[in-house]
Amino acid sequence: MAAVEREDEQERKSIKERARLRLREFDVGDKYSRLPLPKASVLLPLMLRRSPGEVCFPGGKREATDKDEIDTALREAKEEVGLQPEKVEVICRLVPGIDKMNNLVTPVVGFIEDTFQAIPNPDEVSDVFVVPLEYFVKPLNYKAMSYKNSSGYLSRMHCFTYDDCERKTSFKIWGLTAHFAVFLALVIFGESPTFEVDYDLNNLISSSENNFMNLYASLYERKKSNL
């Protein structure tokens with residue numbers, strides 16, 4: 001039994017190291033931090049079991065006391081689900097997105113222990129659930145919709161329905177949450193999903209940055225036209 005446990009632990013460490021190296025290739029650091037938009041962050045915490053991860057996204061707006069996007073994500077995770085900052089191994093910041101309120105939302109990726117038990121804040125969180133990361137490249141229930149933002153930029157919106165068999169309930173994951181989940185899964189697994197995405201999968205880093213800059217440019221042009 002002890003030998004099996006040691007093998008499991010070695011496999012977990014190997015998966016974690018491969019994921020860590022892959023994620024660091026996509027770290028944008030503070031490259032987009034100076035864009036003149038209100039700031040927000042979400043934490044993408046990965047719980048490593050025998051698969052490369054499960055994921056949930058606590059997050060919110062930046063406050064004056066936050067040093068950077070990482071501070072925001074960690075503070076919000078603590079406030080929303082009771083995840084202590086020191087329990088997160090922060091790995092990287094991925095290419096940001098822009099939400100419907102025109103906030104610049106930075107996804108911060110980190111590892112957490114699979115023993116973590118969320119303590120949801122009822123004032124901020126209605127429910128807490130986890131989804132296997134692989135679901136965002138090989139979903140059982142998926143549809144895509146065309147979405148035009150406030151600046152007229154047309155993009156693809158991913159919509160997932162995840163059935164939690166243990167809790168006998170279904171959860172819908174869409175919008176920016178689904179956008180970040182899909183990108184994170186593409187980074188980790190490095191394989192084509194079973195649905196279409198707006199990326200060049202052979203050049204994921206540059207195509208994701210190009211997509212973001214096109215989105216930001218459309219917003220900037222709309223602001224100029226309203227002056």
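Author: Gladly! Rings of Phe, Tyr and Trp (its six-membered ring) pair if their centres lie within 6.5 Å; planes under 30 degrees apart count as stacked, over 60 as edge-to-face and the rest as tilted. The structure holds eleven aromatic pairs. This is a predicted model, where local features need pLDDT of at least 70 and side-chain atom pairs pLDDT 80 or more, while totals for chains, interfaces and linings use all residues. Residues are numbered from 1 along each chain as its sequence is written, and side-chain values use heavy atoms, with hydrogens and water left out.

Reader: Why is the pair of tyrosine 135 and tyrosine 162 called edge-to-face?

Author: The ring centres of tyrosine 135 and tyrosine 162 are 5.1 Å apart and the planes stand at 80 degrees. The centres are within 6.5 Å and the angle is over 60, so this pair is edge-to-face.

Reader: Where in the chain do tyrosine 135 and tyrosine 162 lie?

Author: Tyrosine 135 sits in the loop between strand S7 (131-132) and strand S8 (142-148), and tyrosine 162 in strand S9 (residues 154-164), 27 residues apart. Strands (E, at least two residues) and helices (H or I, at least four) are DSSP runs, numbered from the N terminus.

Reader: Which residues do ring pairs link into a cluster?

Author: The cluster consists of Tyr135, Phe136, Tyr142, Phe160, Tyr162 and Phe195.

Reader: What makes phenylalanine 136 count as buried?

Author: Buried means under 20% relative accessible area, exposed over 50%, and partly exposed in between (1.4 Å probe, protein chains only). Phenylalanine 136 has 2% relative accessibility, so it counts as buried. Tyrosine 135, at 9%, is buried too.

Reader: Is aspartate 66 buried or exposed?

Author: Its relative accessibility is 7%, which is under 20%, so aspartate 66 counts as buried. Aspartate 66 lies in the loop between strand S3 (59-61) and helix H2 (69-81).

Reader: Which residues is aspartate 66 in contact with, leaving aside its neighbours within four places in sequence?

Author: Those are Lys61, Asp71, Thr72 and Arg75, where contact means heavy atoms within 4.5 Å.

Reader: How do you know that S8 and S9 pair?

Author: Two strands pair if DSSP finds at least two bridges between them. S8 and S9 have seven bridges, so they pair, in the antiparallel sense.

Reader: In what order do the three strands of the open sheet come?

Author: The order is S8-S9-S10, with antiparallel pairing. S8 and strand S10 (169-174) are the edge strands, as each pairs on one side only.
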